[in-house]
Amino acid sequence: MDARSSTIRCYLIYVVLDTSESMRRPNPRSGSTRHDPRNTPLGQFVRLIPRMLRDLADNPIINNVAAVSLVAFNDAPEILRPMSSLRHAVNIAAPRVGYATDYAAVLRFMVDQYPRDVREVCLERQRADYVVQTARPWVFFITDGRPYADGADQPAEEWLTHRKQLVEGEIRARVVAIGLPGADEDVLWRLATGNEREMRNAFIASRRTDPGELARSVVEAIGRSISASTRSGTLTISPPAGMRRIVRSAHG
Amino acid sequence: MADLSAPAGAGGGGIPTVIVIVIVLIVLVAGVRLAGPRLAGRRSRAARAGVQWAFAPVASTLRRWLPAGWDARSGKSTGQAAKPQRDLLVRRLVLTPSRHAQLEPRLPRLAVISSGWHNAFYHGSAGSPRGGHLMVRAAAVRGVAHAVNAESGQDAVGTAWNERRKALFIVVADGLGALPRSGEAARRATNTAVKLYAAMDRSKDFHMFGRQLFHDVASDVKKYISAGRFDAATTLVAAEMRLVQSGAVISVCGVGDSEAWLLHDEQWRVLHHERGQGEENTTRQLPGYPKPLVSKRVRAPVGSVLLLATDGFAAALASEGSPLTRELARRWRKTPSAMEFLAHVDFVEDVFTDDRAVVAVWIR
């Protein structure tokens, strides 16, 4: 980039939601014997994420620079909200029922989808006299399990290959890994990206936290992060309430 | 003479009553307009205002009938289409027209402003009015992005006149948004820079001195934020303008994504920038990177404008043209008033919402 042209920067943000079978288990602390889909971690997120997007869309600065996509995955990945500006009201689909937690499939899907999303966003924002530039994408990855596909644990090398393509090379995505109770600390740490001081954006929930409260605090933390990061241009996130940052050495 | 009592259209070949009424009204209004100044001289202002008030609806109606470009006072066509009024917000309130030319104050030896919770601006001239001189306009505007989030602005701008060197020093600083108290670092860096420059010897070379200045400013900012136990950082871009025959010699050095531009003959040329050198929105900053990028010396002719700006403003400039560069090239042929300048710095464009600190110097 040089000073010949004036550049408009915009941010592509992915919220990736694990919709595997464990996310559809009811909250045991609710005391209710009847199965209510709203009383599951998935039900909470499906209710809270659209609200968060509506709140962000009310901010004239964020809705000007941010485009958001909601991606779900279990046996296979799917787009619940296509990548588009928050200025536009976009229908959010209900996730399909599935059982596995196929990290490799969703990470590969995002690697393939990213160039299409960039084209779409640039086209949507194209204006005479300005060059549209997309910043490194930000990924908020919410999961409660470990990589699992085809009836077995998914080998790390299988999904790490796609994770590498996503966070290195052309795309260079920034990944925040948010682990609900049941998630694997090591997996979260390997999935997340961080800074040069090896502090990664990987968070794990305390088992004592109420699942409903946790879902709320995760969505609030993502909303705050999008709000602060689009202002500063750099992805920053504080640990959601009821969660802690996973700390370990890069080689540990 | 037409019979005014006759109904309209009556009287065979007589002049229609409506036309007669219109002619009478034109004569009355013209008379009042011409007599206005004399009335003001002889009678009270209240009496004059009363006469004008009484005829205002009639004059207003007549003005609507007159063709565009018609001067009602002289009764002649001006030969120009009526232009829409521009910049109404930055016109001064004139109670009594002044017989004096607008006064341009002498620039203070040191001046620093910042955006904080408000917009700020100042102006003045430096140098010798008989020889070459510099007209300075400076403004700091709190960005919309900060305002809607109830956060303070983080940019600062400053100037210093060094009489020993017969030179002007201008500087802008942009506190890093990722660190909430960076506005304090920007103000501190700007303050320290102008003070250091004001004490600079005549014999020193600015390029050499500039390196030392950035090093000293970085040390000072580091001490300041350590003492306050907070984290903050700022960009800093500075320029010296030395008056020479038929223009000025400009030296620029800086750390980070604030920029220096020269406008001459409606053409913009970038003198200093670091676009595309950082990942994401990251930029070099003080106190982290005390070594400035030093740009080549440039001789700018009389009529040029040197501009230093933080990225909230500079990002909208482009050497191959942008809406802002084109608009300013046209508007800055003449030095704008300080309030016009503030309005220009506060330009409206939805995609540019960051704080803006800008200083522009017209070489006269």
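B:Ser246 sits in the loop that connects strand 8 (234-244) with strand 9 (247-255) of chain B, where helices (H or I, at least four residues) and strands (E, at least two) are DSSP runs numbered from the N terminus. This is a predicted model, in which local features need pLDDT of at least 70 and side-chain atom pairs count only at pLDDT 80 or more, while totals for chains, interfaces and linings use all residues. Residues are numbered from 1 along each chain as its sequence is written, chains are lettered from A and ligands numbered from 1 in the order in which they are written, and side-chain values use heavy atoms, with hydrogens and water left out.

**Backbone geometry**

- Most residues other than glycine have a negative phi, and most peptide bonds are trans.
- B:Ser246 has a positive phi, near 60°, although the residue is not a glycine, and with a relative accessibility of 54% B:Ser246 counts as exposed (buried is under 20% relative accessible area, exposed over 50%, partly exposed in between; 1.4 Å probe, protein chains only).
- In chain A, the non-glycine residue A:Asp150 likewise shows a positive phi, of about 55°, and A:Asp150 belongs to the loop between strand 6 (148-149) and strand 7 (152-153) of that chain.
- A:Asp150 is also exposed, its relative accessible area being 81%.
- The peptide bond between B:Leu286 and B:Pro287 is cis, with omega at about 10°, and B:Pro287 is placed in the loop between strand 11 (267-272) and strand 12 (293-294) of chain B.

**Interface of chain A and chain B**

- Chain A contributes 26 residues to the contact and chain B contributes 31 residues, contact meaning heavy atoms within 4.5 Å.
- About 2300 Å² is buried between chain A and chain B, with carbon and sulfur atoms giving 49% of that area (buried area is the accessible area, 1.4 Å probe, that two parts lose on being put together, summed over both).
- The rule finds 2 salt bridges across the interface of these two chains, a salt bridge being a side-chain nitrogen of Lys or Arg within 4 Å of a carboxyl oxygen of Asp or Glu.
- A salt bridge joins A:Asp129 to B:Arg326, with 2.9 Å between the closest N and O atoms.
- The interface of chain A and chain B also holds 8 residue pairs in polar contact, both residues at pLDDT 80 or more (a pair of N or O atoms within 3.5 Å; within protein, one must be able to donate a hydrogen and the other to accept it, and residues adjacent in sequence count only if both atoms are side-chain atoms).
- On the side of chain A that touches chain B, the elements giving two or more residues are strand 1 (6-18) and helix 6 (211-232) of chain A, and strand 1 gives the most, with 5 residues.

**Nonpolar cores**

- The largest nonpolar core contains 39 residues, and those with the most contacts inside it are A:Phe45, A:Ile49, A:Phe140, A:Ile142 and A:Val218 (a core is a set of buried Ala, Val, Leu, Ile, Met, Phe, Trp, Tyr and Cys residues joined through side-chain atoms within 4.5 Å).
- The elements of chain A that each supply at least two residues of this core include strand 1, helix 1 (41-57), strand 2 (66-73), strand 5 (138-143) and helix 6, and helix 1 provides the largest share, 8 residues.
- When residues up to four places away in sequence are not counted, A:Val218 touches A:Phe45, A:Ile142, A:Ile178, A:Leu180, A:Pro240 and A:Met243.
- Another core, of 36 residues, lies apart from the largest one and has A:Leu12, A:Tyr14, A:Val111 and A:Val175 among its members.

**Salt bridges**

- Over all chains, the count by this rule comes to 19 salt bridges.
- B:Asp205 and B:Arg297 form one of them, their closest N and O atoms being 2.2 Å apart.
- That pair links distant parts of the chain, 92 residues apart, with B:Asp205 in the loop between helix 4 (182-198) and helix 5 (206-228) of chain B, and B:Arg297 in the loop between strand 12 and strand 13 (298-301) of chain B.
- Both partners are partly exposed, B:Asp205 with a relative accessible area of 33% and B:Arg297 with one of 43%.
- B:Arg284 meets B:Glu274 in a salt bridge of 2.9 Å, N to O; both residues lie in the loop between strand 11 and strand 12 of chain B, so the pair ties together parts 10 residues apart in sequence.
- B:Glu274 counts as buried, at 6% relative accessibility.
- B:Glu184 forms a salt bridge with B:Arg181, with 2.8 Å between the closest N and O atoms, and B:Arg181 counts as partly exposed at 39% relative accessibility.
- A network of salt bridges links B:Glu327, B:Arg330 and B:Arg331.
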